[in-house]
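Below is a short briefing on one protein model. Please look at the sequence and structure first, then read the notes grouped by topic.

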Amino acid sequence: MGIYDYMNHFWFENENDPCSLSEGVLYFYLLYEANRQHWASPFKVSTQMLAARLNTSKRWT
């Protein structure tokens, strides 16, 4: 499955079960990181990096 397949699948699923803006941004950032890291499995992204890149903070629930 390539990057465009993941993008198309996201929008197909989002039509039936919409996600929040934050969830969508997170999905596409992780897709970007996976591609940037040449689809290594598993790929790594720290919580601190995610929070900084997405301009958010870690929330404990």
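Which backbone nitrogen does the side chain of N14 reach? In this predicted model, the side chain of N14 comes to 2.8 Å from the backbone nitrogen of C19. N14 itself sits in helix 1 and counts as buried, because its relative accessibility is 16%, below the 20% limit for that class.

**Overall fold**
- The protein has three helices and zero strands, in the order α-α-α from the N terminus on.
- Buried residues make up 15% of the 61 in the protein.
- Among contacts with a separation of 6 or more, 34% join residues 24 or more positions apart.

**Confidence**
- The mean pLDDT of the protein is 92, and 97% of the residues score at least 70.
- Helix 1 (residues 3–16) has the highest confidence, at 96, while helix 3 has the lowest, at a mean of 91.

**Largest pocket**
- The volume of the largest pocket is about 360 Å³.
- Its lining consists of S22, V25, L26, T47, L50, A51, L54, T56, S57, K58 and R59.
- At least two lining residues come from helix 2 (21–36), and at least two from helix 3 (47–53).
- By type, the lining of the largest pocket holds five nonpolar, four polar and two charged residues.

Definitions and conventions: Residues are numbered from 1 along each chain as its sequence is written. This is a predicted model: local features need pLDDT of at least 70, side-chain atom pairs count only at pLDDT 80 or more; totals for chains, interfaces and linings use all residues. Side-chain values use heavy atoms; hydrogens and water are left out. On a 1 Å grid over the protein atoms alone, a cavity is a set of points where a 1.4 Å probe fits but cannot get out, and a pocket is an open set with protein on both sides within 12 Å along at least five of seven lines; lining residues have an atom within 4 Å of a point. Grid points are joined across faces, edges and corners, and a volume is the space filled by probe spheres set on the points. Helices (H or I, at least four residues) and strands (E, at least two) are DSSP runs, numbered from the N terminus. Ala, Val, Leu, Ile, Met, Phe, Trp, Tyr, Cys and Pro count as nonpolar, Asp, Glu, Lys and Arg as charged, and the others, Gly among them, as polar. pLDDT is the predictor's confidence in each residue, from 0 to 100. Buried means under 20% relative accessible area, exposed over 50%, partly exposed in between (1.4 Å probe, protein chains only). A polar contact is a pair of N or O atoms within 3.5 Å; within protein, one must be able to donate a hydrogen and the other to accept it, and residues adjacent in sequence count only if both atoms are side-chain atoms. Contact means heavy atoms within 4.5 Å.
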